[in-house]
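Please read them with the sequence and the model open.

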Amino acid sequence: MSATRLDVRAYACPMTYVRTRIALERLRVGEALEVWLAAGEPLESVPRNAVEEGHRVLSCEPLPAEGAGSWRVVIEKGNPPPEPL
Amino acid sequence: MALSESQIGRYARQLLLPGLGEAGQERLGAARVRVVGAGPLAGPALLYLAQAGMGRLWVDDAAMVSPEDLSAWLYGPGDVGRPRSAAAAEALRTANGLVEAEPFRAGNLPTAVLVASGAQSTDRVAAEEARLLGLPHVVAEADGEGGAVTVIPAGSPCYKCAFRTGHGAIPTPAATAAVGALAALELVLLVADVSQEPRGRRIDLVRGQPMARPTVRLPGCTCGAGANEGIP
């Protein structure tokens, strides 16, 4: 399955999830987003926030070719969409 | 149209709100909002609307800035004697350079209205104008230690139907700011189309405790085609 790729390693929280959320919003339900992020808080918060908003984390693995501390998380856009306020 | 990099950065924390996202932010950016009033009640509301990224704000207030208006969050001592509308618009552009803010002029065509003049007669006229134009609008009234915010989506019971006589007490500065900000929040939810309550409603703020209830169309009111329309 091909996935849209998003690299948020240059960003700090909450921008890591803001950009992930916008990228997910632009996908159709069932499509996948591959997020490259840094270890630490982004790796903890981005998958957690995605699951809390109804998406599914398909995989989470290190990316040694991209340097130490780089991770790849694949998120499938969920259905139904997040609840309104 | 997707948000720009500067918009994503500017509205990052708002974009995280459940249900808002890029689509809601774009709806805010496309809005043209007339704000009736630029005094202490409307001041916090205007600032919040600018910070939230309402695309265009038109400030409608014919008064001049007076020394007591310095509590309106918008003005500095150097603004005393200037038209409120011009001074407020300038403050809003300074607060957020991504929004347009200008004094309201005849012929401007808003998509939503916030009424916060602080004068009941002005509020009634402005709310009725908005209703006749079919525009969603929110009316803020401060009263003593609280006040009321009436949310009127297009087609819902009008401000006259929702109106309740208050105590008529001079509002405290904190209550004034709280009611103004609450009204701005309700307008943001309305314009972004993320409110959980699609019906018209009135929120009474009494000593810090909000009580919200759907508004009901008064029998015979000209705002509705049939009696009791709007009853849940």
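1. Chain B has 232 residues and a radius of gyration of 17 Å; a compact globule with that number of residues would come near 17 Å, so the two agree. The model is a predicted one, and the points below should be read with that in mind. Along the principal axes, the C-alpha atoms of chain B fill a box of roughly 50 × 45 × 35 Å.

2. Among contacts in chain B with a separation of 6 or more, 66% are between residues 24 or more positions apart.

3. Eight helices and eight strands make up the secondary structure of chain B. The eight strands form an open sheet with mixed pairing, in the order β3-β2-β1-β4-β5-β6-β7-β8. Its edge strands are β3 (100-103) and β8 (209-214) of chain B, each pairing on one side only. From one strand to the next, the twist averages 15 degrees.

4. Within this sheet, β1 (residues 32-36) and β4 (residues 112-115) of chain B are a parallel pair, held over four bridges. B:Arg34 stands opposite B:Val113 of β4(B). In general, the strands of a sheet pair through backbone hydrogen bonds, either parallel or antiparallel.

5. Further along, the pairing is antiparallel: β6(B) and β7 (residues 201-206) of chain B share five bridges, and six bridges join β7(B) to β8(B).

6. Helix α6 of chain B (residues 120-132) has 13 residues and reaches 18 Å from its first C-alpha to its last, close to the 18 Å expected at 1.5 Å a residue. Which of its residues are buried? They are B:Asp123, B:Ala126, B:Ala127, B:Ala130 and B:Arg131. These cover an arc of only 140 degrees around the axis, so they lie on the same side of α6(B). An α-helix has 3.6 residues a turn, so residues three or four places apart point the same way. On the other side of α6(B), B:Ser121 and B:Leu132 are exposed.

7. The cover over the buried residues of α6(B) includes the strands β1, β4, β5 (137-143) and β6 (146-152), together with α7 (159-162), of chain B. After α6(B) comes B:Gly134, with a positive phi near 70 degrees.

8. Helix α8 of chain B (residues 173-192) should span 28 Å, because it has 20 residues at 1.5 Å each; its end C-alpha atoms are 28 Å apart, which agrees. α8(B) is mostly covered, with 16 of its 20 residues buried. B:Asp193, which follows α8(B), also has a positive phi, near 60 degrees.

9. β2(A) pairs in the parallel sense with β1 (residues 4-7) of chain A over four bridges, and A:Leu6 stands opposite A:Val35 in β2(A).

Note on methods: Residues are numbered from 1 along each chain as its sequence is written. Chains are lettered from A and ligands numbered from 1 in the order in which they are written. This is a predicted model: local features need pLDDT of at least 70, side-chain atom pairs count only at pLDDT 80 or more; totals for chains, interfaces and linings use all residues. Helices (H or I, at least four residues) and strands (E, at least two) are DSSP runs, numbered from the N terminus. The radius of gyration is taken over C-alpha atoms; the globule rule is 2.2 Å times the number of residues to the power 0.38. Two residues are in contact if their C-beta atoms, placed from the backbone, lie within 7 Å. Two strands pair if DSSP finds at least two bridges between them. Axes are lines fitted to C-alpha atoms, for helices over the stretch in contact, and angles run from 0 to 180 degrees between N-to-C directions. The expected span of a helix is 1.5 Å times one less than its number of residues. A residue is buried if 20 or more other C-beta atoms lie within 10 Å of its own, exposed if 12 or fewer, and partly exposed in between; C-beta atoms are placed from the backbone. The arc is that of the directions from the helix axis to the C-beta atoms.
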